[in-house]
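Q: Got a model open here and want to talk it through. Can we start with a helix and then move to the sheet?
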Amino acid sequence: MSDFNPQDHQWMALALQLAEQGLYSTDPNPRVGCVLVKDGQLVGQGFHERAGEAHAEVHALAMAGEQAKGATAYVSLEPCAHFGRTPPCADALVKAGVSRVVSAMQDPNPLVAGKGHQRLRDAGVSVSYGLLAEQARALNPGFCKRMEQGLPYVRVKLAMSLDGRTAMASGESQWITGAAARTDVQRLRARSSAVVSGIDTVLLDQAALTVRMAECGLTAEQQQRRGERQPLRVILDSRQRLASQPQCRLLQQPGPILWCVDDRNSSPNLVAQVEALPLTRLPQGLDLTQLLRELGRRGCNEVLVEAGARLAGSFMRAGLVDELWVYMAPTLLGSQARPLLDWPLGSMSEQQRLQIVDMRALGDDWRIRAKVI
């Protein structure tokens, strides 16, 4: 670590902006940007676009060419030091002759975790890190949590009326919010590794839980980088009701499905895209912690829960939620309608405090992002 000057901040901010361009396409890898600067001038830049392809440093070095020698590299995450699907970026920086590397943060991946910085130092490169670290971590919350805890970062998405209701007593809920909010949800799905829902939502709402690219509002470049990849759709269905609904909309859409069932029962074979995952049945339902550990093992960084009040409440009760994304519409559904969460609390001492980190208008609706404290 070291002190950083205003120019360092300027160039690292650019590296973070570049990294954000991979928001929808790098999964399960982190989003990373790199800037090469020599004599105060930008000579190279790049970002990681897709897993399995060149990392940010490689793109920046290719742009800089011979000018990389003696340059400073600003990278939003510590350069990797291991062979994965691509060679170590730390070695590429050394070979190119950069004189200084500034990283926003150390890589939480145990395969790297300081080894990249050490390899650079051993080669005589000046290394410092910790510049705009909070912003860099916010860009990759799921990758960081998965590397540190083995669990993905969990967001629960909810749409509610002004009086805090999510559906009529019958379960009817389409649509509470308007088109702008629904477009925002499509973008949220597009950045997620997996979308988790319950069988009631799948059957009652005929939810597909896919990313509809035409409705995302992504740029042409973002769409091209992302391609046709769909998030893993995870359905909790302890009584295996999906087996009797082969024509439901979920099964007619492309993309993999993880069908979570009670491990005490055998699972029938469904269509090829469906994989059964037996989970332990607890008194309150299928073991959600077990599910998230399995999703972490499979490389899922960010998980979006799109479900009714019961399953959303179960995730909250289990202490597994990192953020709530609440879309609030200027309408009233009345006291007979379903609540935001099925989560009975008996006293004020049991209340769950939240930190509102963002609140903005989307058409006629409001989106509230709140972190669970």
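A: Helix α1 covers residues 6-20, 15 residues in total. In this predicted model, α1 reaches 21 Å from its first C-alpha to its last, close to the 21 Å expected at 1.5 Å a residue.

Q: Which residues of α1 are buried?
A: D8, W11, M12, A15, L16, L18 and A19. They sit on the same side of α1, because they cover an arc of only 160° around the axis.

Q: Why would that spacing put residues on one side?
A: An α-helix has 3.6 residues a turn, so residues three or four places apart point the same way.

Q: What covers the buried residues of α1?
A: The cover includes strands β1, β2, β3 and β4, plus α5 (133-139).

Q: And which exposed residues does the face turned away carry?
A: P6 and Q17.

Q: What happens at the start of α1?
A: N5 points a side-chain oxygen at Q7 there, coming within 2.9 Å of the backbone nitrogen.

Q: Switching to the sheet. What's the strand order?
A: β2-β1-β3-β4-β5. The sheet is open, with five strands and mixed pairing.

Q: Which strands stand at the edges?
A: β2 (41-47) and β5 (126-129). Each has a single partner strand, so one side of each lacks a neighbour in the sheet.

Q: How do β1 and β3 run, parallel or antiparallel?
A: Antiparallel, with four bridges joining β1 (residues 33-38) to β3 (residues 72-75). C34 has V75 in β3 as its bridge partner.

Q: Where does α4 pack?
A: On the sheet, where α4 (residues 115-122) touches β4 (100-103) and β5. The direction of α4 makes about 155° with that of β5.

Definitions and conventions:
Residues are numbered from 1 along each chain as its sequence is written. This is a predicted model: local features need pLDDT of at least 70, side-chain atom pairs count only at pLDDT 80 or more; totals for chains, interfaces and linings use all residues. Side-chain values use heavy atoms; hydrogens and water are left out. Two strands pair if DSSP finds at least two bridges between them. Helices (H or I, at least four residues) and strands (E, at least two) are DSSP runs, numbered from the N terminus. Contact means heavy atoms within 4.5 Å. Axes are lines fitted to C-alpha atoms, for helices over the stretch in contact, and angles run from 0 to 180 degrees between N-to-C directions. The expected span of a helix is 1.5 Å times one less than its number of residues. Buried means under 20% relative accessible area, exposed over 50%, partly exposed in between (1.4 Å probe, protein chains only). The arc is that of the directions from the helix axis to the C-beta atoms. A polar contact is a pair of N or O atoms within 3.5 Å; within protein, one must be able to donate a hydrogen and the other to accept it, and residues adjacent in sequence count only if both atoms are side-chain atoms.
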